[in-house]
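Hi everyone, thanks for making the time. Let me put the structure up.

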Amino acid sequence: MTPRHPAPELRHKHRRARLRTLAFLSPWLVGFSVFFAYPLLATVYFSFMHYNQIEAPTFVGLRNWKYVLEQMPLFGPALWNTLWLVVVMVALRVVFGLGIGLLVTKIKSGVGLFRTLFYLPYLAPPVAATVAFVFLLNPGTGPVNEVLSAIGVSAPNWFNDPAWAKPSLVLLSLWGIGDLMVIFMAALLDVPKEQYEAAELDGAGALAKFRYVTWPSITPIVMFAVVTGVVQTMQYYTQALVAGKLASGVSVGPGSSIQPGYPDHSTLTVPQLVYSLGFQNFNTGAACVLSLVLFAIAMAVTSLLMRKGAGLQTAED
């Protein structure tokens with residue numbers, strides 16, 4: 001007869017295997033619990049509370065949600081600016097990163113020099129890079145406008161003009177395109193040369209080789225760049241805040257603060273609004289609601305992109 005329960009030795013072996021697996025997973029489990037699960041649950045909890053970070057939180061139901069979604073005047077502009085940056089900045093960064101990667105891989109001599117020149121701006125700290133860019137694009141004394149005026153081009157006000165503030169941030173992000181350049185270079189160099197040779201034998205031109213050989217091989221890398229770019233741009237904070245402060249001419253020192261979004265709330269993003277509500281106005285409940293809305297949008301967009309990417313990969317296979 002077959003025993004109804006496994007032998008004690010077998011049970012002990014299975015238990016040791018489970019404990020060993022749990023031990024290997026413990027660093028990830030601790031990190032996930034401390035840095036993701038607990039903050040997410042705490043954010044959900046405080047979104048239903050009135051909490052000023054001094055007194056004990058009190059339950060207010062959906063009041064914070066109604067305030068953010070129906071009454072907060074800056075929520076719409078901040079969300080629009082964030083989504084605009086996600087669409088425009090991510091798309092242009094991917095296109096320019098791929099273009100520069102293709103250019104560098106085709107250069108016959110001086111590859112190391114060009115690769116270094118394109119990658120160096122990415123190593124600049126975000127604050128220092130933004131300060132330098134605002135100085136270069138200063139409408140009164142910046143060298144960029146002086147050069148444009150010298151050749152007869154009407155120079156814009158860049159960070160001081162609501163219509164040009166977000167495009168100026170996009171130019172700043174394109175200046176530091178070195179990270180995507182390196183990723184795309186690695187993907188392009190990994191495409192089998194035999195496929196290019198076979199395409200040449202079939203009479204394929206440059207565009208045909210890119211469409212039928214290069215693109216199918218680098219599609220997963222492009223999707224990776226798009227997804228990570230969306231997640232990073234959803235958290236866009238430092239460059240927009242620093243650029244707005246410098247362009248406004250406000251001297252910011254210890255104990256001083258200004259409202260973000262200069263000029264005319266054109267550079268205000270949802271992360272800036274979260275910080276302003278939570279740490280300047282001490283409205284933790286509304287800040288948590290904004291954080292959850294941003295998290296939900298980021299998850300939805302990321303899931304959609306990954307499904308589209310999986311569909312494209314399946315179709316190509």
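So, to begin: how close do the axes of helix 5 and helix 11 come, and at what angle do they cross? Keep in mind as we look that this is a predicted model. Helix 5 covers residues 126–136 and helix 11 covers residues 238–248; their axes come within 9 Å, with a crossing angle of roughly 40 degrees. The two helices are therefore oblique to each other. As for handedness, the crossing of helix 5 over helix 11 is right-handed.

Who makes the contact? On the helix 5 side, you can pick out Pro 126, Val 127, Thr 130, Val 131 and Val 134. Facing them from helix 11 are Thr 238, Gln 239, Val 242, Ala 243, Leu 246 and Ala 247. By class, that contact has eight nonpolar residues, three polar ones and no charged ones.

Now for the threonines. Please find Thr 233, in helix 10, which is residues 206–234. Is Thr 233 buried or exposed? Its relative accessibility is 6%, so Thr 233 counts as buried. The Thr 233 side chain reaches the backbone oxygen of Gly 229 at 2.6 Å. Leaving out residues up to four places away in sequence, Thr 233 touches Thr 82, Leu 85, Val 86, Met 89 and Val 90.

The other one is Thr 43, which sits in helix 1, residues 8–46. Thr 43 has a relative accessible area of 18%, and because the cut-off for buried is under 20%, Thr 43 is buried too.

Definitions and conventions:
Residues are numbered from 1 along each chain as its sequence is written. This is a predicted model: local features need pLDDT of at least 70, side-chain atom pairs count only at pLDDT 80 or more; totals for chains, interfaces and linings use all residues. Side-chain values use heavy atoms; hydrogens and water are left out. Axes are lines fitted to C-alpha atoms, for helices over the stretch in contact, and angles run from 0 to 180 degrees between N-to-C directions. Helices (H or I, at least four residues) and strands (E, at least two) are DSSP runs, numbered from the N terminus. Angles under 35 degrees count as roughly parallel, over 145 as roughly antiparallel, 65 to 115 as roughly perpendicular and the rest as oblique. A crossing is left-handed if the near helix is turned anticlockwise from the far one by less than a right angle, and right-handed if clockwise. Contact means heavy atoms within 4.5 Å. Ala, Val, Leu, Ile, Met, Phe, Trp, Tyr, Cys and Pro count as nonpolar, Asp, Glu, Lys and Arg as charged, and the others, Gly among them, as polar. Buried means under 20% relative accessible area, exposed over 50%, partly exposed in between (1.4 Å probe, protein chains only). A polar contact is a pair of N or O atoms within 3.5 Å; within protein, one must be able to donate a hydrogen and the other to accept it, and residues adjacent in sequence count only if both atoms are side-chain atoms.
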